[in-house]
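Open the model in your viewer and keep the selection tool at hand.

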Amino acid sequence: MSLSLDATQLDRYSRHIIMDEIGPEGQATLLDSRVLVIGAGGLGAPVIQYLAAAGVGTIGIVDDDTVERSNLQRQVIHADSDVGTPKVDSAEAFINNLNPDVSVDTYETRLSKANAADITAGYDLVVDASDNFPTRFLVNDVCRLARIPISHGAIYKFEGQVTTLVPEGPCYRCLFPEAPEPGTVPDCATTGVLGVLPGTVGCLQATEAVKLLLDKGEPLVGTMLSYDAMELAFERVPYQSRENCPVCGDDPIESIESIEYSGGCQVSGGVDSDRAASQ
């Protein structure tokens, strides 16, 4: 890790550098960090924006979608002129315009069982800004096997959730043993979403990511932070590791080969078949 910040960087990150909790060493750590963001949509947009502004040196972006005009109400890194452009390309252009210190790795693909291990390899942290349960379970499982921490977020209409998953703590399957039946939890295209909501939740995810990279503060490990925008209220809901969790319990899986990321996303032979739903 190099502590040699040039004059432009000393100016750009001056509000970090003067903080005792960060300083030049912490900023150098951020510049040397590699973060992978799964999804460049509502949650991914503010995550990408603030991680790039903070000077995270390498940001990887996974998304197989193109920008649509209906995205612009909440996906703040994309513009009207980007409609029809792959989101990874639009996001990369936004980052390049915001902060030339940041290198961008783009993956114009959907994360899958076949590519997840290769894509996540080499990153210090993954931000799960996906919008579906199969991807969330896949990210959890692959990152737990590779011991990569995750900043997780989810949104629904006026509500959001944030938690942090680290190798030493409970995993996503401890919180939700399996996915709800397909179609039982509608997406934002069906129910709508408050445009500013993903900004709040995504900023919380970015905050957790920076804290983890700097090893500062108390991350949301074993805690789900729920946000109600209508009441402007937060609630902290604790959860624990499960001994019989098939991914992080007493007899964990060694690979994801036997897992089908569809339906309930169950681990074959798992002993816990309790159903859990998420907002």
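Eight salt bridges are counted in this predicted model.

Select Asp-105 and Arg-34. Their side chains form a salt bridge, 3.5 Å from N to O. Asp-105 sits in strand β3 and Arg-34 in strand β1, 71 residues apart. Asp-105 is partly exposed at 25% relative accessible area, and Arg-34 is partly exposed at 27%.

Next, Arg-110 and Asp-64. The closest N and O atoms of this salt bridge are 3.5 Å apart. Arg-110 lies in the loop between β3 and α6, and Asp-64 in the loop between β2 and α5, so the bridge ties together parts 46 residues apart in sequence.

Stay in the loop between β2 and α5 for Asp-80 and Arg-69, eleven residues apart. Their salt bridge brings the closest N and O atoms to 2.9 Å. Arg-69 counts as exposed because its relative accessible area is 52%, above the 50% cut-off. Asp-80, at 47%, is partly exposed.

Now go inside. Which residues touch the most other members of the largest nonpolar core? Select Val-37, Leu-51, Ile-59 and Ile-61; the core has 36 residues. Elements supplying at least two residues each include β1, α4 and β2. Helix α10 gives the most, with seven.

Back to the surface. Phe-158, Leu-194, Val-196 and Met-230 make a nonpolar patch with about 370 Å² of accessible area together. Met-230 is in the loop between β7 and β8 and is exposed, at 58%.

Last stop: Glu-243, Asp-250, Asp-251 and Glu-254, a surface patch of negative charge. Asp-251 falls in the segment after β8 and is exposed at 67% relative accessibility.

Conventions:
Residues are numbered from 1 along each chain as its sequence is written. This is a predicted model: local features need pLDDT of at least 70, side-chain atom pairs count only at pLDDT 80 or more; totals for chains, interfaces and linings use all residues. Side-chain values use heavy atoms; hydrogens and water are left out. Patches are made of residues with over 30% relative accessible area and no salt bridge: like charges are joined within 9 Å, nonpolar side chains (Val, Leu, Ile, Met, Phe, Trp, Tyr) within 5 Å. Accessible areas come from the Shrake-Rupley method with a 1.4 Å probe; for residues, only the protein chains shown count as cover. A salt bridge is a side-chain nitrogen of Lys or Arg within 4 Å of a carboxyl oxygen of Asp or Glu. Lys and Arg count as positive and Asp and Glu as negative; His and the chain ends are not counted. The place of a charge is taken as NZ of Lys, CZ of Arg, CG of Asp or CD of Glu. Helices (H or I, at least four residues) and strands (E, at least two) are DSSP runs, numbered from the N terminus. Buried means under 20% relative accessible area, exposed over 50%, partly exposed in between (1.4 Å probe, protein chains only). A nonpolar core is a set of buried Ala, Val, Leu, Ile, Met, Phe, Trp, Tyr and Cys residues joined through side-chain atoms within 4.5 Å.
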